[in-house]
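Dear colleague,

Please find below the structure that I am handing over to you. My findings follow directly after it.

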Amino acid sequence: MAVQKAVELTGTGATVEDAIGEALDRARLTLEGITRFDVRQISGIVEGGRTTYQVELRVWFTLLERMHG
């Protein structure tokens with residue numbers, strides 16, 4: 001039986017897709033078994049003529065089973 005855990009992350013990028021991709025790419029560096037994500041909020045920052053998107057995600061992953069000796 002699998003146990004899942006979620007963490008909250010915020011990614012930024014030039015597009016919503018880039019922001020999601022950045023958050024997931026960084027999560028993959030330290031988390032194994034990522035199974036899904038939920039977009040919690042999309043917002044943006046406008047500076048001059050440039051827009052940067054911020055996406056808040058909840059990322060779900062399966063906890064590894066450990067054998068206790």
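**Findings**

Lys-5 is partly exposed, with a relative accessible area of 43%; buried stands for under 20% relative accessible area, exposed for over 50%, and partly exposed for what is in between (1.4 Å probe, protein chains only). This is a predicted model, in which local features need pLDDT of at least 70 and side-chain atom pairs count only at pLDDT 80 or more, while totals for chains, interfaces and linings use all residues. Residues are numbered from 1 along each chain as its sequence is written, and side-chain values use heavy atoms, with hydrogens and water left out.

Lys-5 belongs to strand S1. Helices (H or I, at least four residues) and strands (E, at least two) are taken as DSSP runs and numbered from the N terminus. Leaving aside residues up to four places away in sequence, Lys-5 touches Val-59, Trp-60, Phe-61 and Leu-63; contact means heavy atoms within 4.5 Å. A separation of 10 Å lies between the C-alpha atoms of Lys-5 and Gly-33, which are 28 residues apart along the chain.

**Sheet and helix**

The sheet is open and consists of three strands in the order S1-S3-S2, with antiparallel pairing. Two strands count as paired if DSSP finds at least two bridges between them. Strand S1 (4–13) and strand S2 (34–47) are the edge strands, each pairing on one side only. On average, and with direction ignored, neighbouring strands of this sheet are turned by 15 degrees against each other. Axes here are lines fitted to C-alpha atoms, for helices over the stretch in contact, and angles run from 0 to 180 degrees between N-to-C directions.

Strand S3 (residues 50–62) runs antiparallel to S1 and is joined to S1 by ten bridges. Within this pairing, Thr-12 has Gln-54 in S3 as its bridge partner, and Gly-11 stands opposite Val-55 in S3.

Helix H1 (residues 16–30) packs on the sheet and touches S1, S2 and S3. The direction of H1 makes about 130 degrees with that of S1.

Between S2 and S3 there are twelve bridges, again in the antiparallel sense. Ile-34 is placed opposite Phe-61 in S3, and Asp-38 opposite Arg-58 in S3. S2 and S3 form a hairpin with two residues between them. In the turn, Gly-48 has a positive phi of about 65 degrees.

**Salt bridges**

How many salt bridges does the structure hold? There are three, where a salt bridge is a side-chain nitrogen of Lys or Arg within 4 Å of a carboxyl oxygen of Asp or Glu.

One of them pairs Glu-8 with Arg-58, with the closest N and O atoms 2.7 Å apart. Glu-8 lies in strand S1 and Arg-58 in strand S3, so this pair ties together parts that are 50 residues apart in sequence. Glu-8 is partly exposed at a relative accessible area of 49%, and Arg-58 is partly exposed at 24%.

Another salt bridge is formed by Arg-28 and Asp-25, whose closest N and O atoms are 3.0 Å apart. Both residues, Arg-28 and Asp-25, lie in helix H1, three residues apart, about one turn of the helix. Arg-28 is exposed, with a relative accessible area of 52%, whereas Asp-25 counts as partly exposed at 46%.

Asp-38 and Arg-36 also form a salt bridge, with 3.3 Å between the closest N and O atoms. Asp-38 counts as partly exposed at 24% relative accessibility, and Arg-36 counts as partly exposed at 41%.

**Nonpolar surface patch**

Phe-37, Val-39, Ile-42 and Tyr-53 make up a nonpolar patch on the surface, and together they have about 330 Å² of accessible area. Patches are made of residues with over 30% relative accessible area and no salt bridge; like charges are joined within 9 Å, and nonpolar side chains (Val, Leu, Ile, Met, Phe, Trp, Tyr) within 5 Å. Accessible areas come from the Shrake-Rupley method with a 1.4 Å probe, and for residues only the protein chains shown count as cover.

Which strand gives the largest share of the nonpolar patch? S2 does, with three residues. Ile-42 lies in strand S2 and is partly exposed, with a relative accessible area of 49%.

Yours sincerely
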